[in-house]
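Biologist: I would like to learn how to read a few features of a protein model. Please take them in turn, with the general idea before the case.

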Amino acid sequence: MEYNDFIRQIKNSIEEYVGDTAKVTEETVLKNNAVRLHGLAIIPKDRNISPTIYLEGYYAAYNKGRELSDIIVEIIRQYESSRLDTGINIDFFTDYQKVSERLLYKLVSLEKNEELLMEIPHVQYLDLAIVFYCIVLHDEIGSATILVHNKHMELWHVTTEDLYLAAKRNTKKILGYQIKGMEEIMREMLVDRLRAELSTDIGTDYPDEEEIVEFAESILHKVSGMDGEIPMYVLSNREKVNGAACLLYQDVLAEFADQIDQDLFIIPSSIHEVILIPTCERRGYERLTQMVQEVNASQVQAEEILADHVYYYSRDRQEVMSM
C-alpha cells in the first residue's frame, strides 16, 4: 500500500471512530533539521489543542507486516490517552507580559535549519542557533509548547533581544540543570529497565529494589571495569528534553571546569544533552569528532542531531569555542 493510501485509510477509520465529536485533519510539520513529518491532528470539539500523531513509524511497521487494524487501535489508544479533562486556555498567548514568564530557549543547528530559521526569531551562537518556545502546559500530566515565530513577535511588538533576555532569565530557573557521570546515567537506565522487565516477569509486584540495584551494579562492573577509562559527564536539564541549551549556562561550565581543574571537550550528543570530557590539552579532537559523526549517522534520530563536531570550553577564556 502506498503511503498516501495508508494515511487515507487511517484517517477514514479515525473519523469513523470519533464521529462528530472531533475533527481529524492531515498535518505536515516542519521539524528540527528540515525533517518533515506527516500525521493526524484529532481535535475534540470541546477542546482547543491536541497533539499531532505522526504516521511515519506506523507505516514502517505496516511494511514489516503489522496489521493495519492493530495500528488503528494503537492510534485510537494514543489519542484517548492524550486527551485532557479540560482544554488548555491559551488566551494568555496574546499578552506578552504573561508569555514572557513562560519563554524558554533551546539550541538547534544553524546550517540544518535554514528554512525554519527564516520563519522564527533566533540568535546565532557559534554554528548553532538559539530559538525560543513558550510553555503552555508543564505539570504532572505532561508538557505542551509553542515554538515562537516571527508573526508572534509582530503580535507582541517585541524584538528578538526581548525574547532572548526573557528566555535567558527563565530557562535555568524553570528547567534547571544536572551534571551526572556516565556510569551513573547507565546505572539509572539499567535499573529502570530491569525493574520494568522483572516486574513483568513476576506480576504486578516489584522485586526487591536492593536486589535490582545490586544486579545492575554487577552488570556494569563486568562491562565497564576498565582501568584508565576517560571520565565522561552528561549535562542536561531536569526534563532531559532540549537539554543541550545548558551549554549556554557559562557559570555552570565554569564552575564544573574549575571543580575538575581542567578544560572541557563538549560532545553534542543530541539536542537533549551534551557530554563533557575533561582534558588538559586539545589532543584527541579528530577522534572525538569522528565518533560524533558516526553516532549521529547511526544512532541519533535526524531531527535530534545538534552538530557533527566537538566543542571546547576554555577556562582561560571562560567560553565555549568551535574547533
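This is a predicted model: local features need pLDDT of at least 70, side-chain atom pairs count only at pLDDT 80 or more; totals for chains, interfaces and linings use all residues.

Biologist: Start with charged pairs. How many salt bridges does a search of the whole structure find?

Modeller: Side chains of opposite charge can pair when their charged atoms come close. The search finds eight salt bridges here. One of them joins the side chains of Asp 5 and Arg 8, at 2.7 Å from N to O.

Biologist: Where do Asp 5 and Arg 8 sit relative to each other in helix H1?

Modeller: An α-helix has 3.6 residues a turn, so residues three or four places apart point the same way. Asp 5 and Arg 8 are three residues apart in helix H1 (residues 3-18), so about one helical turn separates them. Asp 5 is partly exposed at 33% relative accessibility, and Arg 8 is partly exposed at 43%.

Biologist: Which parts of the chain does the pair of Lys 172 and Asp 251 tie together?

Modeller: In that salt bridge the closest N and O atoms are 2.6 Å apart. Because Lys 172 belongs to helix H7 (residues 160-175) and Asp 251 to helix H10, the pair ties together parts 79 residues apart in sequence. Lys 172 is partly exposed at 29% relative accessibility, as is Asp 251 at 45%.

Biologist: Now the nonpolar side. Which residues touch the most other members of the largest nonpolar core?

Modeller: In soluble globular proteins, nonpolar side chains tend to be buried together. The largest core here has 41 residues, and Leu 163, Leu 253 and Ile 266 touch the most other members. Helix H10 (residues 250-260) gives this core its largest share, five residues. A second, separate core has 20 residues, including Ile 7, Val 24, Leu 68 and Ile 71.

Biologist: How is strand E10 paired, and through how many bridges?

Modeller: E10 (residues 263-270) runs antiparallel to strand E11 (residues 273-279), joined by six bridges, and a hairpin of two residues connects E10 to E11. E10 is also antiparallel to strand E12 (residues 311-314), through three bridges. As examples of facing residues, Asp 263 stands opposite Thr 279 in E11, and Ile 266 stands opposite Tyr 311 in E12. Eight of the eight residues of E10 are buried.

Biologist: With which side chain does Asn 296 make a polar contact?

Modeller: Asn 296, in helix H11 (residues 285-298), is buried at 5% relative accessible area. Its side chain makes a polar contact with that of Asp 308, at 2.8 Å.

Terms used
Residues are numbered from 1 along each chain as its sequence is written. Side-chain values use heavy atoms; hydrogens and water are left out. Helices (H or I, at least four residues) and strands (E, at least two) are DSSP runs, numbered from the N terminus. Buried means under 20% relative accessible area, exposed over 50%, partly exposed in between (1.4 Å probe, protein chains only). A polar contact is a pair of N or O atoms within 3.5 Å; within protein, one must be able to donate a hydrogen and the other to accept it, and residues adjacent in sequence count only if both atoms are side-chain atoms. Two strands pair if DSSP finds at least two bridges between them. A nonpolar core is a set of buried Ala, Val, Leu, Ile, Met, Phe, Trp, Tyr and Cys residues joined through side-chain atoms within 4.5 Å. A salt bridge is a side-chain nitrogen of Lys or Arg within 4 Å of a carboxyl oxygen of Asp or Glu.
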